[in-house]
Amino acid sequence: MNDSIRAQFPILHQIVNGKPLIYLDNAATSQKPLAVINAIKDYYEQYNSNIHRGAHHLAQLATEKYENARTAVAQHINASEREINFVRGTTEAINLVATSYGRKFINAGDEIIVSEMEHHSNIVPWQMLCEEKGATLRVIPINDAGEIIFEDYLKLLSEKTKIVSIAYISNALGSIHPVKEVISEAHKVGAVVFIDGAQALPHKKVDVKDLDCDFLGFSGHKVFAGTGIGILYGKEKLLEAMNPYMGGGEMIKSVSFAGTTYNDLPYKFEAGTPHIEGGISLGAAINYINEIGLDKIAAYEDELLAYVTEKFLEVDGLRIVGTAKNKASVISFLINDIHPYDLGVLLNEQGIAIRTGHHCCQPLMDRLKIEGTCRASFAFYNTKEEIDATVYALKRAAKILS
Amino acid sequence: MQKSIAEIENEIAEEFDLFDDQMDKYEYIIDIGKKLPALDAKYMTDDFLVKGCQSKVWLHAYEKHGLLYFEADSNTAITKGIIALLVRVLSGQKGGDVLLTPLTFIDKINLRTHLSSQRSNGLTSMIQKMKAYAAAFACVEQILPTFPKLK
């Protein structure tokens with residue numbers, strides 16, 4: 001990776017608190033390349049129009065671009081366009097499945113399984129569903145390294161299990177879960193599996209057919225597209241069996257007071273005027289990362305992770321939280337008994353953006369018996385020089401705080 | 001003789017004027033926090049927690065000889081320094097003065113702009129909580145006729 005890639009991200013070239021910005025909060029949201037920024041700009045400057053209905057030129061152009069984006073996403077994860085639903089983000093994808101699939105197919109006494117290290121978005125919708133239906137939420141425990149304990153998962157599975165929902169990669173610790181094995185075991189008891197791909201899509205190739213997941217959700221803004229757009233993938237036969245999530249325009253075939261018939265997939269789950277430029281930006285982002293190549297991105301990020309792990313451990317008193325064997329380029333850490341927030345403020349003073357807190361994973365923090373961590377998360381535009389500068393800044397902050 | 005809120009604020013502003021570097025300012029704030037007397041454990045409960053901060057801040061107030069006193073603690077070093085500054089300015093003052101004097105030292109030492117918005121909200125929460133205590137004590141002081149000034 002080189003300067004030509006960084007040149008594609010205008011936001012990276014600025015001074016924050018007197019220092020060049022070092023952006024290490026990519027797990028929260030990624031920055032946008034010119035290809036994405038220009039796609040949004042072009043939409044509003046050249047062909048802003050409502051899609052799927054207008055017969056005029058602009059509407060046709062907008063519809064074509066929006067649907068091309070759907071195709072780009074479908075090809076990217078090896079699905080068909082009918083299985084690609086535009087949603088607001090991973091959170092909405094989970095809520096959609098919990099509501100539309102859950103309300104129809106979950107009954108009292110059924111069980112839903114999540115892991116102990118899920119994001120709140122992958123816990124709360126299932127809790128709400130369980131409460132409504134009298135179902136039970138079961139939790140896969142984790143070990144101290146931040147890996148799910150697979151034998152315990154196998155013990156939780158039974159004919160009562162109806163849904164398993166798990167992140168591909170933990171946002172808090174970066175652990176990569178063995179989702180393919182999780183999925184095949186769940187299928188043995190007849191459960192469907194939702195994969196929270198929010199942290200996976202920016203870092204690695206995800207092939208829904210290879211994984212054989214039933215649902216997959218991810219957020220555009222974490223994968224270099226604009227905010228407010230995301231994807232729910234679902235196997236066609238499951239999406240067909242589900243009721244719509246929201247009623248309104250676009251999702252109908254015909255409406256009368258005698259009864260309404262719903263539109264075909266994927267429009268059945270896309271009520272209202274969609275986030276058109278968001279969808280287009282996601283298509284542009286997918287094309288952009290495919291131009292660079294996900295294999296190349298993953299290899300470079302592995303190199304960054306190895307480097308940052310080595311360099312961070314040179315800081316006195318620093319301990320890494322989450323030492324799974326299989327990790328993405330996310331590093332959670334603590335220094336002695338310094339509160340993460342103090343470190344975050346003093347890094348910000350030196351132009352470095354990290355995340356501090358519980359990372360929307362309070363059950364995980366309870367399990368690890370900590371209040372929170374500092375988290376540095378990397379994208380392919382980050383550099384080893386930035387890691388060196390961060391190590392220097394951390395040492396300076398730690399000295400002041402100890 | 002107890003110094004006025006404005007006098008203490010000016011003192012603090014002068015102390016911070018000595019630093020050019022923001023990191024040095026933070027180091028000074030952290031040192032101030034370290035010198036804050038420990039808060040009695042019985043006040044470090046949720047009842048005394050200031051809402052709206054990412055870090056935890058416990059605040060206790062009491063009245064003695066007609067003056068209002070504050071004691072506080074925090075689980076983070078920087079916030080502890082900030083609350084220590086607020087205690088230094090507002091503790092030992094008349095409740096009415098705490099309530100009605102606008103605080104200017106935060107802007108003077110250029111703290112607010114260099115703290116995240118969330119932290120800044122936390123700062124606002126701390127000040128509001130101190131003023132709420134003052135309002136309660138001010139009622140006891142029977143200065144109710146001055147309240148319309150708040151509008």
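Predicted model: local features only at pLDDT ≥ 70, side-chain atom pairs only at ≥ 80, totals over all residues.
1. Overall scores. The model has an ipTM of 0.83 and a pTM of 0.91.

2. Confidence in chain B. The average pLDDT of chain B is 83, and 81% of its residues score at least 70. Strand β2 (residues 67–74) of chain B has the highest confidence, with a mean of 94. Helix α6 (residues 117–140) of chain B has the lowest, at 77. Residues 147–151 of chain B fall below 50. Beyond near neighbours in sequence, that stretch has one contact in the model.

3. The contact between chains. Chain A puts in eleven residues and chain B 14 residues. On the chain A side, α12 (340–348) and α14 (384–401) each supply at least two residues. The most come from α12(A), which gives five residues. By class, the chain A side holds five nonpolar, four polar and two charged residues.

4. A cis peptide bond. The bond from A:Leu265 to A:Pro266 is cis, with omega near 0 degrees. A:Pro266 sits in the loop between β12 (259–262) and α10 (276–292) of chain A.

5. Positive phi in chain A. A:Asn336 has phi near 45 degrees, a positive value in a residue other than glycine. Its place is the loop between β14 (330–335) and α12 of chain A. A:Asn336 counts as exposed because 11 other C-beta atoms lie within 10 Å, and the cut-off for exposed is 12 or fewer.

6. Positive phi in chain B. B:His65, also not a glycine, has a positive phi near 50 degrees. B:His65 lies in the loop between β1 (57–64) and β2 of chain B. With 6 other C-beta atoms within 10 Å, B:His65 is exposed.

Terms used: Residues numbered from 1 in each chain as written. Chains lettered and ligands numbered in written order. pLDDT = per-residue confidence, 0-100. Helix = DSSP H or I, 4+ residues; strand = E, 2+ residues; numbered from the N terminus. Contact = placed C-beta atoms within 7 Å. Nonpolar A, V, L, I, M, F, W, Y, C, P; charged D, E, K, R; others polar. Buried ≥ 20, exposed ≤ 12 C-beta atoms within 10 Å, placed from the backbone.
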